[in-house]
Amino acid sequence: MSRIAIVGAGLSGRLLALNLLRLAAPTAAISIWMLDRGDERCMGPAYSNDADSLLLNVPAGRMGALADEPEHFVKWSRDRGAPVGLLDFLPRTLYREYVLALMGEALRARAGGVTLEHIQGEVTDIAINGGRATIQVADQTSFVVDRVVLALGNFPPPHPPVQSRSALDSDRYVRNPWTAGVLDSLSRRDTVFMVGTGQTTVDLATALHRRAHQGRIIALSRRGLLPLAHRGFEPYPPFFADIKDSKRLLDIFRTVRKHFERADATGVDLRAVIDSLRPDTQTLWFNLAEEEKHRFVRHLFRYWEIIRSRIPPASEATIDGMRASGQLAILAGRIRDLVPTPTAMEVHYVRRGRTSPEVAAAALVINCMGPELDYRRIDEPLVRNLLRRGLIRPGPAQLGIDARGDGAIIGENGSASDVLYTLGSTMRGVFWEVLAVPEIRLQAARLAAALLAARH
């Protein structure tokens with residue numbers, strides 16, 4: 001009997017379990033344990049909110065859960081009577097139902113030798129001894145498995161740099177924007193301040209719009225840039241050959257900018273230029289030196305994100321309408337301080353290009369800065385214990401966890417484990433492009449095949 005534990009039941013963990021169920025030999029004897037704080041229907045923050053207003057950020061035609069069938073989600077939806085097009089942006093709740101349904105079908109199709117059990121609880125520690133892993137779950141007895149896969153997903157954002165640290169303990173400050181019911185405490189005319197202007201801000205602003213919220217919404221980030229929306233456009237010719245041997249970020253940047261200018265001069269959408277690099281982005285990232293990766297994160301990360309990580313056109317239309325009406329203000333600047341008062345949270349900030357601070361009184365301040373990616377700064381028992389034991393180390397550019405390309409985790413001593421593996425957002429530093437379904441489903445299929453091949 002081979003025992004495989006998956007820590008995390010978000011998209012990465014679910015797709016890995018799905019592939020293990022589908023790929024295991026008919027005669028295999030495998031126990032799969034999925035461990036997560038949520039219940040059996042929980043699929044991580046992105047897919048566990050039941051609001052129909054939260055849409056997928058990728059067209060349905062590219063959201064298939066199976067590596068060899070990218071349009072499978074559309075087929076599944078059509079089989080159930082939904083008139084779904086390849087370019088439609090569907091609710092995330094429907095995608096959760098899709099993945100859970102596939103897992104149920106795969107499990108029912110299995111013979112008795114393959115089992116899947118969901119264990120609800122927080123994994124607090126993992127120890128390796130004799131080629132096996134002992135997993136500790138809070139308030140439960142420990143148990144031993146042969147392989148462990150860390151499918152940890154995203155951690156809450158870092159706190160904004162403020163002087164009044166006590167403000168961070170206030171009920172008017174929300175560190176985790178994916179907390180269930182995050183908007184429930186608001187009255188219709190309350191002012192909301194969001195720190196960050198990325199996809200999470202768009203999600204929350206559109207959710208407020210659906211709730212007929214009438215209060216002012218302010219969103220601030222260093223550059224005040226919102227994600228671009230998906231558009232239909234002509235493809236741009238690939239130019240990877242121009243930069244494949246480049247070792248300096250500046251040389252790559254200059255080449256990309258040259259193609260931006262060429263595209264602009266010929267009326268081609270700039271998003272098409274970035275899309276033409278998608279098949280080769282992981283190769284470009286992998287070939288950069290460590291300092292060049294750090295330089296990219298410091299100077300170009302946000303510009304890449306707004307072009308690369310896009311929002312549905314319907315969300316863009318909602319945001320544009322809210323800005324035109326004056327309800328939503330998108331600002332560039334920096335937070336100076338958060339000061340709680342008896343009736344509000346005062347947000348002290350300075351706009352970009354100015355020196356005089358401004359103050360906004362908000363009923364709620366929501367941190368939408370994006371997940372913490374530096375594992376040295378994550379205050380979670382499991383992460384702290386894995387670092388203490390030397391079982392993990394930060395990934396390249398201090399992003400995620402270091403690992404080989406096949407997902408085998410590299411520990412503090414520089415050796416790859418044959419017990420601990422990972423996939424998904426934890427491998428941001430290794431591959432950079434690992435967050436979208438097309439990358440995750442391929443990782444999940446490959447890792448499942450490797451785990452099944454190594455079980456003997």
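Reply: The second largest pocket is lined by 18 residues. Val256, Ile274, Phe296, Leu300 and Trp304 lie nearest its centre. Helices H7 (249-265), H8 (270-277), H9 (281-287) and H11 (301-308) each give two or more residues to this lining. H7 gives the most, with 6 residues. Helices here are DSSP runs (H or I, at least four residues), numbered from the N terminus.

By class, the lining holds 16 nonpolar residues, 1 polar and 1 charged. Nonpolar covers Ala, Val, Leu, Ile, Met, Phe, Trp, Tyr, Cys and Pro; charged covers Asp, Glu, Lys and Arg; the others, Gly among them, are polar.

The space in the second largest pocket is about 430 Å³. That volume is the space filled by probe spheres set on grid points, joined across faces, edges and corners. A pocket is an open set of points on a 1 Å grid over the protein atoms alone, with protein on both sides within 12 Å along at least five of seven lines; a cavity is a set where a 1.4 Å probe fits but cannot get out; lining residues have an atom within 4 Å of a point. Rolling a probe the size of a water molecule over the atoms shows where empty space is left.

Now the caveats. The model is predicted: local features need pLDDT of at least 70, side-chain atom pairs count only at pLDDT 80 or more, and totals for chains, interfaces and linings use all residues. Residues are numbered from 1 along each chain as its sequence is written, and side-chain values use heavy atoms, leaving out hydrogens and water.
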